Amino acid sequence: MRLAGLLDPAAPVASVLSTWDAGEWEFAVEDVAEILSDRHTPLLRTDRAAVLELAAAFGVSAKAASALRWCPDLEADDEWWREIEGSPRAAAVEGELSLEIAPGHTLHGIELTPWLECGACDDVLVRLDDENARSGRARYQVAVIHPAWSRQPEPPPWPSTVLFDQALDALDRLESCFRGALEADAPFVD
Ligand SMILES: [Zn+2]
């Protein structure tokens with residue numbers, strides 16, 4: 001995918017926004033970011049920068065920046081995480097969790113959909129399948145779980161689990177392997 005060059009922040013602002021200014025362009029830019037986000041579209045840095053530049057021109061920087069966090073970096077040295085939803089890997093994780101999560105565990109009896117997997121450790125980000133969330137009446141809760149891969153029920157609170165109301169907070173947690181390493185390497189700035 002080549003976005004850079006196609007998106008020219010200056011053009012719509014100057015030519016169109018002045019005559020057609022009911023927020024349509026803001027929504028269009030938000031939609032672009034959200035579609036990329038929903039599909040976990042891997043982005044080149046130039047494309048990410050192009051979308052963010054466009055978002056800045058239309059005043060939707062924060063929303064676009066959050067949305068694009070769900071798009072992997074094609075040029076990164078390490079794979080921070082991968083999407084597994086719907087894959088044989090997700091089925092294997094789901095099977096393992098249903099074995100390990102025993103009565104007394106926070107997530108016992110709740111249907112879980114494995115969504116993303118850490119690229120460095122066994123952490124998985126799962127969505128809690130909930131009637132209200134499925135019908136759009138509530139936000140999906142998510143959790144980052146560390147399966148033991150023991151093929152047997154674990155004594156609660158294992159497998160270790162952290163629950164989140166905000167998917168971005170769960171993503172922070174999933175990326176903590178890498179963020180921790182980056183922060184440890186970073187020189188002190190004061
Ligand atoms: Zn990890």
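You'll find Trp149 in the loop between E4 and E5, where helices (H or I, at least four residues) and strands (E, at least two) are DSSP runs numbered from the N terminus. Its phi is near 55 degrees, a positive value in a residue other than glycine. For context, most residues other than glycine have a negative phi, and most peptide bonds are trans.

A word on what you're looking at: this is a predicted model, in which local features need pLDDT of at least 70 and side-chain atom pairs count only at pLDDT 80 or more, while totals for chains, interfaces and linings use all residues. Residues are numbered from 1 along each chain as its sequence is written.

Stay in that E4-E5 loop for a moment. Pro157 lies there, and the peptide bond from Pro156 to Pro157 is cis, with omega near 10 degrees. Pro159 belongs to the loop between E4 and E5 as well, and a cis peptide bond, with omega about -5 degrees, joins Trp158 to Pro159.

Now for the sheet. It is an open one of 5 strands, in the order E1-E2-E3-E4-E5, with antiparallel pairing (two strands pair if DSSP finds at least two bridges between them). Strand E1 (81-83) and strand E5 (160-164) are at the edges with a single partner strand each, so one side of each has no neighbour in the sheet. From one strand to the next, the twist averages 30 degrees. Strand E4 (residues 142-146) is joined to E5 by 5 bridges, and Ile145 has Thr161 in E5 as its bridge partner. E3 and E4 are joined by 4 bridges, and Arg127 stands opposite Val142 in E4.

Helices come up against these strands. Helix H5 (residues 88-100) lies across strand E2 (112-118), strand E3 (124-128) and E4, at about 115 degrees to E2 (axes are lines fitted to C-alpha atoms, for helices over the stretch in contact, and angles run from 0 to 180 degrees between N-to-C directions). Helix H7 (residues 167-174) packs on the sheet too, touching E1, E2, E3, E4 and E5, and its direction makes about 20 degrees with that of E4.

Leaving aside neighbours within four places in sequence, Leu174 is in contact with Trp81, Leu116, Cys118, Asp123, Leu125 and Val144 (contact means C-beta atoms, placed from the backbone, within 7 Å).

Leu54 takes us to helix H3, where it is one of the buried residues. H3 (residues 45-57) has 13 residues and reaches 18 Å from its first C-alpha to its last, close to the 18 Å expected (1.5 Å times one less than the number of residues). Just after H3, Gly59 takes a positive phi of about 75 degrees.

Conventions
A residue is buried if 20 or more other C-beta atoms lie within 10 Å of its own, exposed if 12 or fewer, and partly exposed in between; C-beta atoms are placed from the backbone. Two residues are in contact if their C-beta atoms, placed from the backbone, lie within 7 Å.
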